[in-house]
Each structure stands twice: as structure tokens, then as C-alpha cells.
Amino acid sequence: MATAYRNLSSYDANNIPDASKMRVGIVVSEWNGAITEKLLEGACNTLEKHNVRPGNITVFRVPGSFELTFGAQQVTKYGGVDAVIILGCVVRGDTPHFDYVCEGVTGGVATLNATQDIPVIFGLLTTDNMQQAEDRAGGKFGNKGDESAITAIKMIDFVCRFKK
């Protein structure tokens, strides 16, 4: 559903599983840091709001959005977490670089979700301009970091149902 019809920070707080024992890794891109830091803040605040202990949230930084997939792969293998959230921001420019990065990260995260035993949550903003990114990083459309954190909690709970 288009963001214009749904605020990224909106969710039913009564429908969130207990997250007090969950461990979450967050891989965040340093590129477009003014945006990605807001996404990170939103994700961490939302995780903590739902009782994920700050010590159970581990942040890993990578230089750019294309590196998010490799970073997430390493965290799934060695991070000791129940889910990984990737956070990045790619803004369309004048060259096809935008398309290559977005396709690469999207395909990489899809592959990780199909091959790893823990969920990897897609928190990559792909926008036409910086204003759209700001609107989705705590602006008028909420924060994609919030949405990614809630998704991580729900997907960890989903996986736990199979392990009982």
C-alpha cells in the first residue's frame, strides 16, 4: 500500500507480541546519514517501547546502501540476533545508479530471507528526492524505522511459533 494512504509509524499497539527477550541487529548505511540516523532512532525507540532491552539491540554501520546486504548476511551468521533490520536511503539521481543499488539490495535481502534462518527486514527508502526521504524518516508520513522495528518483532514471533 502506498505511503500516502498509511503512516509508516501507525500500528495497532495491542497486536504486538512480547519482545522482552528478543535480540535485534540493525545494519544502517552511513550514506545519506541525516536520513538513516533518523530511521535508526525510530527503530531503536520503537523496539525499546515494546520492551526490547537496549543491550539486546546491536547496531552495525556500513558505508552505503549496497553494502547493507553483505552486512546483514554477516549479522545473520555471527550477530547472535533473532532478526536483522537493514536501514538505508537511496535517492534517485541523474544516472541509472539508483536502479542498480535498489535492485541489488532488494534482491540481496530477498535471497537472505529465503536462505537464512532469521528474518531480514527491508528498511530501505527508495525515493525520487530528499524531501520524500525526509517525509518517511520522521516527517509527514511517519518513520520507516518504526515500521521496520514492528515488522522485526512480528517476524521474530512468527519464527518462534515454529520452534515451540
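Leaving aside its neighbours within four places in sequence, which residues is V120 in contact with? In the predicted model described here, V120 is in contact with A72, T76, V84, I86, V109, L112 and N113, where contact means heavy atoms within 4.5 Å. Residues are numbered from 1 along each chain as its sequence is written, and side-chain values use heavy atoms, with hydrogens and water left out. Because the model is predicted, local features need pLDDT of at least 70 and side-chain atom pairs count only at pLDDT 80 or more, whereas totals for chains, interfaces and linings use all residues.

The chain contains 5 helices and 6 strands. Helices (H or I, at least four residues) and strands (E, at least two) are DSSP runs, numbered from the N terminus. Read from the N terminus, the order of the elements is β-α-β-α-β-α-β-α-β-β-α. The radius of gyration, taken over C-alpha atoms, is 15 Å for the chain, close to the 15 Å given for 164 residues by the globule rule (2.2 Å times the number of residues to the power 0.38), so the chain is as compact as a globular protein of that length. The C-alpha trace spans about 50 × 30 × 25 Å along its principal axes.

Of the 164 residues, 46% count as buried. Buried means under 20% relative accessible area, exposed means over 50%, and partly exposed lies in between (1.4 Å probe, protein chains only). Among contacts between residues at least 6 apart in sequence, 79% join residues at least 24 apart. The chain carries 16 positive and 18 negative side chains. Lys and Arg count as positive and Asp and Glu as negative, while His and the chain ends are not counted. The centres of the two sets lie 8 Å apart, with the place of a charge taken as NZ of Lys, CZ of Arg, CG of Asp or CD of Glu.

V120 lies in strand 4, which covers residues 120–127, and V120 is buried at 4% relative accessibility. The C-alpha atoms of V120 and S65 are separated by 15 Å, the two residues being 55 apart along the chain. I118 is found in the loop between helix 3 (97–115) and strand 4. At 14% relative accessibility, I118 is also buried. Beyond its neighbours within four places in sequence, I118 is in contact with T76, V81, D82, A83, V84 and N113. One of these, V81, is 37 residues from I118 in sequence and 8.2 Å away in space, C-alpha to C-alpha.

Two further buried residues lie in other parts of the chain. S148 belongs to helix 5 (residues 144–163) and has a relative accessible area of 2%, which means that S148 is buried. With neighbours up to four places away left aside, S148 is in contact with I85, L87, I121, F122 and G123. I16 is placed in the segment before strand 1 and is buried at 15% relative accessibility. Residues up to four places away not being counted, I16 touches Y11, H50, I150, I153 and K154. Between I16 and I150 there are 134 residues of sequence separation, but the C-alpha to C-alpha distance is 7.5 Å.

K49 lies in helix 1 (residues 33–49) and is exposed, at 57% relative accessibility. K49 and V28 are 21 residues apart in sequence and 20 Å apart in space, C-alpha to C-alpha. N51 lies in the loop between helix 1 and strand 2 (57–62) and is partly exposed, at 48% relative accessibility. Most residues other than glycine have a negative phi. N51, although not a glycine, has a positive phi of about 75 degrees. A positive value is also found for N32, with phi near 55 degrees; N32 is in the loop between strand 1 (24–29) and helix 1.

A disulfide is taken as a pair of cysteine sulfur atoms within 2.5 Å, and by this rule the count is 0. C102 is in no disulfide, the nearest cysteine sulfur being that of C89, 9.3 Å away. C102 is buried, with a relative accessible area of 9%, whereas C160 is partly exposed at 34%.
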